[in-house]
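The following exercises are to be worked with the sequence and the coordinates at hand.

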Amino acid sequence: MSEFKLKTETQEPDLDTAMKVVYQWNYDPEVDELRNLYNKATEAQWVAEREIDWERPIDLEKFGAVPLGAAIPIEKTSYWKSLSAETKAEVTRKTSAFRLSNFLHGEQGALMVASQLVNAVPHTDAKFYAATQTMDEARHVEVFAKYIEKLDEIRPIAAPLKDILDETLRTDDWLKKLVGMQIVVEGLALYSFREMRNLTEEPLLKDLLTYVARDEARHHAYGVQYVSRCVPQLDDAERTELEDFALEASRTLIDSRNQATFFTEALKIWAEAGIDSEALLTSLQAERDELTKNARPGRRLGPISGFVIPTLRRCGLLSERVAGHFHGFLKENLGTNLVGEDVAQFLEILPDLPEDTASWVMGEVN
Ligand SMILES: [Fe+2]
Ligand SMILES: [Fe+2]
């Protein structure tokens, strides 16, 4: 336990936010789906200390099943294959701590936005639901922090994620908070948690992600239920503004410059683990064609096209106009074989949202 002080170096104070608080004097249910979600959420509360067996050591070898997630498959280079088992384990440990740290910081953002929503949303059912989500997010912060500290150390937040959290906390428009958090950030989180949960063979991590992902599926459902009800009541200008907010948040997440920053950060961490960056880059350069050629056919759509944009479509926030912008920047970043030549093709490639997100997240449906 750290010593109690009023101010510590780990605090980052002074982010000015401009939230408007709404009282709602009608306490009757107005939106059955939201009231039901709230009831479900109260039933589904869990106790992290009790439900998860924290005594288990982390099985580092079993981490090996999950790719390091560095945009480029460094695990397939000949340089990587030449490394000792100890070095590989060390790289895996540090890289996983780095990725999980961003999950953790995202959870803190979610905790604060959810609590803002209690104040800012104008419907009682939505306030109730946001209150349960606040509790869920506190628990998620708790479990990720605990896991990372067991694994390695907590790393600083990635700049693009921090930008989105700041923007979402800062806006005085509760609908933008909903779209920024419940659709973009939660969509990204849900997709990533699902992927990591299904791939990992590390038992403690799998356990933790199972509990967390179940909550996240509900958070996403809240966003979809609530936003899709609100959008038809907006005028064109308001809807355009909301679409653009989602577009900018998504763009920040997958912008190639941000991916490059992420890769540079990863290289630094790997150097700490004994990786010779130059030798790795040389090997990558020489084998690049081979690596990307093999990687392409099975390439995943990724969280934005695979989940966030389909969610926006379901909510009525994917006009032809904004779909064009999405297609433009995705094409720039990912190439045409992943997103199609034009908007029409892009819209065809987009998957439908799964009917039952809670089952989907557990890997029961594709
Ligand atoms: Fe969460
Ligand atoms: Fe969440």
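The exercises below concern model confidence, helix packing and individual residues.

This is a predicted model, in which local features need pLDDT of at least 70 and side-chain atom pairs count only at pLDDT 80 or more, while totals for chains, interfaces and linings use all residues. Residues are numbered from 1 along each chain as its sequence is written, and chains are lettered from A and ligands numbered from 1 in the order in which they are written.

**Exercise 1.** State which element of the chain has the lowest mean pLDDT and which the highest.

*Solution.* pLDDT is the predictor's confidence in each residue, from 0 to 100. The chain has a mean pLDDT of 89, with 93% of its residues at 70 or more. Helices here are DSSP runs (H or I, at least four residues), numbered from the N terminus.

**Exercise 2.** Determine how the axes of α4 and α7 are arranged and which residues meet.

*Solution.* Axes are lines fitted to C-alpha atoms over the stretch in contact, with angles from 0 to 180 degrees between N-to-C directions. The axes of α4 (residues 85-120) and α7 (residues 174-199) come within 10 Å and cross at roughly 150 degrees. The two helices are therefore roughly antiparallel (an angle over 145 degrees). Their crossing is left-handed, that is, the near helix is turned anticlockwise from the far one by less than a right angle.

Contact requires C-beta atoms, placed from the backbone, within 7 Å. On the α4 side, the residues include G106, G109 and A110; on the α7 side, W174, K177 and M181 are among them. By class, the contact has eight nonpolar, three polar and one charged residue. Ala, Val, Leu, Ile, Met, Phe, Trp, Tyr, Cys and Pro count as nonpolar, Asp, Glu, Lys and Arg as charged, and the others, Gly among them, as polar.

How values were computed:
Angles under 35 degrees count as roughly parallel, over 145 as roughly antiparallel, 65 to 115 as roughly perpendicular and the rest as oblique. Two residues are in contact if their C-beta atoms, placed from the backbone, lie within 7 Å.
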